[in-house]
Amino acid sequence: MAMSKVTDVIADLPVAVKVAGGVVLTGAVLAGVVRGIKACRSGRKEYPRDTIVIHQIGRGPYVPSLTCYAIKLETYFRMEGIPYQVEHSLSRRSKKTGKIPFLEYNGEEIPDSEFILEFLSKEKNFDLNKGLTPEQIGIGRAFQKMFEENTYWCLAADRYVLDETNGVWKNYKIPSLLALFLKRGLRKRFYEQGVLRHTPEEIRHILSTDLKALSYFLGSKKFLFGDKACKFDCSIFGILAEMKWASFGGFSLSVIKEYPNLCDYCERMKEAFWPDWEEIIQKDCTK
């Protein structure tokens, strides 16, 4: 999700570059990005009928994907034993929303992780809330939306804008000058969203308060609602995994460490559904 915003800013760069005086290095990098996008879009694969294909931004480092929504989807498929295939690209995004990850299924594109699960539950006839009571569904939905619509933005602001080490940009091998332009564009977008209307200290506090609420509810339970994980665990794990293992130089790691039961929860989810984690997090992994 955040990467779609990053690539949106890249698309806007020519005007910014002109205003800045036509920086040669930035222009060269931009040209390479554009060529890569065109090359990517020119070759589309054909898949056997009824194949679930998830398009996301690539593996590693530290986590199976730097987008939490891809981790959410893959964890759910692994939890339920649903066969799927992953395609990796930094540039290919959904035609409908311009975002990633998205589903490709029998020639149809479905964006948004939640709509993807709802679509597949109808196509494959499985119950997304199997074994949950109405009360648990309500609680799970509330925690999911808190994390995806609030906690996520604190994490994204920390990782992509506030982190002074530029760790995530170095991971993508983005030149420092180009990273400066991208961060400037994202700062504006995050301000419009609302999260960057707060100070870094306030954002850290919001993040910690969200995690405290989850920590209180989880307590000593193995998963959200007991000994068996559910769809809501997959959503929450996707975001917590980014905080625990891929905060780069930001404050998110120090925040999650304040809640040992959430760190243990991450380890349980990882052990239960990602036995191949160490193999998967390699950046050259195509699995």
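## The strands

Strand β1 (residues 53–56) runs parallel to β2, and four bridges join the two. Ile54 sits opposite Val86 in β2. Strands here are DSSP runs of E with at least two residues, helices are runs of H or I with at least four, and both are numbered from the N terminus. Two strands pair if DSSP finds at least two bridges between them.

Zooming out, β1 belongs to an open sheet of four strands, ordered β2-β1-β3-β4, with mixed pairing. β2 (85–88) and β4 (108–111) are at the edges with a single partner strand each, so one side of each has no neighbour in the sheet. On average, neighbouring strands of this sheet are turned by 25 degrees against each other, direction ignored.

## The helix pair

Helix α4 (residues 68–80) packs against helix α10 (residues 231–245) at about 140 degrees, with the axes 8 Å apart. Axes are lines fitted to C-alpha atoms, for helices over the stretch in contact, and angles run from 0 to 180 degrees between N-to-C directions. α4 and α10 are therefore oblique to each other: under 35 degrees would be roughly parallel, over 145 roughly antiparallel, 65 to 115 roughly perpendicular, and the rest is oblique.

Contact (heavy atoms within 4.5 Å) involves residues including Ile71, Tyr76 and Met79 of α4 and Phe237, Gly238 and Ile239 of α10.

## About the model

This is a predicted model: local features need pLDDT of at least 70, side-chain atom pairs count only at pLDDT 80 or more, and totals for chains, interfaces and linings use all residues. Residues are numbered from 1 along each chain as its sequence is written, and side-chain values use heavy atoms, leaving out hydrogens and water.
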